[in-house]
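Hi,

Here is the structure I promised to send over. Have a look at it first, then read my notes below.

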Amino acid sequence: MTGTTTKRIYLSPPHMGPAERGLLLDAFDSNWIAPLGPHVDAFEREFCHTVGVPHAAALSSGTAALHLALLMLGVGPGDEVLVSTFTFAATANAVAYLGAKPVFIDSDRETWNMDPGLLEEELAGCARRGKLPKAVIAVDLYGQCADYDRILAACGRYGVPLVEDAAEALGATYKGKPAGSFGAAAAFSFNGNKIITTSGGGMLVSTDAGLVERARNLSQQARDPAPHYQHSTIGYNYRMSNLLAAVGRGQLRVLEDRVSRKREIFRYYMSTLGGVPGLSFMPEAGYGCSNRWLTCILINSPRFGATREDIRLALERENIESRPPWKPMHLQPVFKECRIRGGPVSEELFERGLCLPSGTALRDADLERIAGVVRNVHGGV
Ligand SMILES: Cc1ncc(COP(=O)(O)O)c(C=O)c1O
């Protein structure tokens with residue numbers, strides 16, 4: 001059967017249940033149709049409990065959470081911020097919004113996340129030049145935490161605060177601690193493709209009550225405490241809608257199931273494709289448990305007998321979506337003037353990698369179909 005007659009399989013579509021529907025209708029019926037309301041407050045409380053961090057602000061996106069985190073750390077025009085190069089553009093865009101410059105750090109081959117050795121080298125270089133960065137943003141790529149002991153040690157030596165971009169990593173752990181509980185602040189995303197979603201949305205979390213309080217105020221146009229509209233600071237319209245917070249609360253209740261299913265999907269691919277020559281998987285570091293948001297494979301073309309693009313196109317012909325991993329930020333035209341420490345590791349991962357469909361509602365028959373297409377490309381079809 002060809003792809004035109006089969007239902008399209010997406011990379012990581014939303015997966016909703018009856019709890020989400022019930023809570024959304026409750027929000028609707030209560031007439032709290034605004035970027036404030038009881039579901040927003042409850043979502044923040046419940047999220048804090050899940051991530052083990054005492055303070056949270058529910059926002060309109062993960063990008064808004066990153067922007068406000070950096071603003072709270074005092075990042076401004078002319079500053080530098082060290083950022084994982086192997087990430088989605090939102091991480092670096094948040095730096096640019098503040099007139100600061102991202103400086104990119106390559107990945108570690110074992111984790112695909114920011115290489116702590118290169119971070120240390122870059123911080124030492126900055127110290128020698130007499131200009132330390134204002135912050136470091138480490139990304140928890142595809143649901144795997146970066147190596148926080150080593151990253152925090154390096155940041156601590158130079159007194160530079162850390163922001164964790166945990167947009168993809170809700171439900172993952174590092175040495176038993178939840179993703180998002182490291183550093184001065186962390187950002188999560190509830191975009192439509194994430195492990196739980198509110199269609200669009202984000203959360204800023206921190207152990208610092210003042211930081212979250214100020215960010216929450218800025219997310220609501222920075223109103224001063226007065227009966228009339230008074231403003232002493234420039235604010236933003238970044239608060240999460242009560243309707244979407246209701247959906248988020250329902251999704252949070254099934255987070256554990258979603259992580260289990262994502263990991264099961266990874267294990268399925270591993271068991272059926274793991275023996276194919278020239279095909280390997282994103283490694284899981286011994287220090288933690290990834291949520292396996294997306295299963296990523298790496299293709300060694302000479303051994304596999306085809307490229308990752310051949311696989312992507314074969315899947316597309318069967319109406320199955322797959323994607324190359326993030327194109328490193330130092331290769332992006334918009335950031336071409338920015339400094340990069342290292343580079344070859346993420347460049348190679350980008351050239352050889354492919355993210356396979358990893359939606360938690362995928363049926364076993366779908367997974368068999370996907371794996372069959374990949375295997376056939378190896379077979380020389
Ligand atoms: C690593 C990373 N950072 C930030 C974001 C931005 O989140 P949002 O789309 O909610 O703004 C995303 C995903 O979209 C992401 O994958």
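A quick definition first: a polar contact is a pair of N or O atoms within 3.5 Å. (Within protein, one must be able to donate a hydrogen and the other to accept it, and residues adjacent in sequence count only if both atoms are side-chain atoms.) With that in hand, S189 has a polar side-chain atom 2.7 Å from an oxygen atom of the ligand. For D165, a polar side-chain atom lies 2.7 Å from a ligand nitrogen atom. In N191, a side-chain N or O atom is 3.5 Å from an oxygen atom of the ligand. On its own the ligand exposes 380 Å², and the protein buries 94% of that (accessible areas come from the Shrake-Rupley method with a 1.4 Å probe).

Before you go on: this is a predicted model, where local features need pLDDT of at least 70 and side-chain atom pairs count only at pLDDT 80 or more, while totals for chains, interfaces and linings use all residues. Residues are numbered from 1 along each chain as its sequence is written, and side-chain values use heavy atoms, with hydrogens and water left out.

Which residues come nearest to the ligand? Of the 17 around it, they are T63, D165, E168, S189 and K194 (near means a heavy atom within 4 Å). That shell divides into six nonpolar, eight polar and three charged residues (Asp, Glu, Lys and Arg count as charged; Ala, Val, Leu, Ile, Met, Phe, Trp, Tyr, Cys and Pro as nonpolar; the others, Gly among them, as polar). Helix α3 gives the most to the shell, with three residues (helices are DSSP runs of H or I, at least four residues; strands are runs of E, at least two; both are numbered from the N terminus).

Cheers
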